[in-house]
Amino acid sequence: MKLKLPAPPIPEQLKPAPRRPGERKPSASDTLKEGGTSAVAWVDERTSLSGGARWMMFRKVPKGTNWFYTLGSATMFAFLNQAMTGVFLAMYYDPSPTNAYESTRFITNEAFLGEFVRGMHKWGSTVMVILIFLHMGRTFFFGAYKYPRELNWVVGAILLILTMVMSFTGYLLPFDQRSYWATIVGVNINGTGPLVGPYLSDFLRAGPDFGATTLSRFYAIHMLLIPGLIAALIGAHLYLVAKLGTTAPPWLKAESDPELRKESK
Ligand code: HEM
């Protein structure tokens, strides 16, 4: 016969509170919700992050805010899609001149869901470029570049340049005839720029000629340098959006205070 020791008593503080009259037995989903809430509360008590999250998420927006205001967030989601699919591509991609083409072929034809992920990344890059231009157009036509948002416009302009650099450096990576020759043309165009042009093209090529290290240089710029900068600048951009608020659409006239109107008569 097996002897079983009695379980140690549960301390008073850990015992569940007795149910009130009429209170139903908590369901499994109630317990789960409560668990989630107390985990979040535990983190919040130690970090006070909820204040920042509330400041960011529950800010006031002007009257007339419409679908055009979603273009910035849409651009951000396109960037997140690029970052996520890029991680999976990097698991199989090999940035060496002898293996790059073959590793891309492997991703497309053999890796599980490889063609899908590569397609998401390739088409996603075009989507991001279209969205960033539409978002810039929205902020331009709504006059959002004016005081006090000039700095956010400048941050946006840098984000636009970085997005272009992402497209340019990514184009070489499949390392087929088209990407190779198109990149040579692109780097030569960069070289014609005033003053910094020749230095820029040398930097991109990793030397005076297109060589074995050019591909790994493009890869490092494409998957480490620029995404890091873009992520940091999106953080700054969103901080400024939350701090300054968004611009009202230009067709909305500010409502003047009736008291002031009386005074000005
Ligand atoms: C990776 C690229 C970008 C992301 C993720 C992004 C994201 C956002 C988001 C989420 C907003 C707030 C909502 C909205 O107005 O859509 C915003 C606002 C703004 N963005 Fe961008 N943006 C990007 C690029 C740009 C570019 C290229 C410019 C201009 C050169 C720009 C200029 C602005 C301005 C001025 C505002 C304030 C809008 C207002 O006050 O109404 N952004 N951005």
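Reader: In which loop does Phe 175 lie?

Author: Before the answer, please note that this is a predicted model, in which local features need pLDDT of at least 70 and side-chain atom pairs count only at pLDDT 80 or more, while totals for chains, interfaces and linings use all residues. Residues are numbered from 1 along each chain as its sequence is written. Phe 175 lies in the loop between α6 and α7 (177–191), where helices are DSSP runs of H or I with at least four residues, numbered from the N terminus.

Reader: What makes Phe 175 buried or exposed?

Author: A residue is buried if 20 or more other C-beta atoms lie within 10 Å of its own, exposed if 12 or fewer, and partly exposed in between, with C-beta atoms placed from the backbone. Phe 175 has 22 other C-beta atoms within 10 Å, and therefore it is called buried. Its phi is near 55°, a positive value in a residue other than glycine.

Reader: How do you know whether Leu 195 counts as buried or exposed?

Author: Leu 195, which is found in the loop between α7 and α8 (197–205), has 7 C-beta neighbours inside 10 Å, so by that rule Leu 195 counts as exposed. The phi of Leu 195 is near 60°, again a positive value in a residue other than glycine.

Reader: How do the residues of the contact of α6 with α9 divide into nonpolar, polar and charged?

Author: The contact of α6 with α9 holds 19 nonpolar residues, six polar and no charged; here Ala, Val, Leu, Ile, Met, Phe, Trp, Tyr, Cys and Pro count as nonpolar, Asp, Glu, Lys and Arg as charged, and the others, Gly among them, as polar.

Reader: Which element gives the largest share of the shell around the ligand?

Author: That share, seven residues, comes from α6, and the shell divides into 17 nonpolar residues, 11 polar and one charged.

Key
Helices (H or I, at least four residues) and strands (E, at least two) are DSSP runs, numbered from the N terminus.
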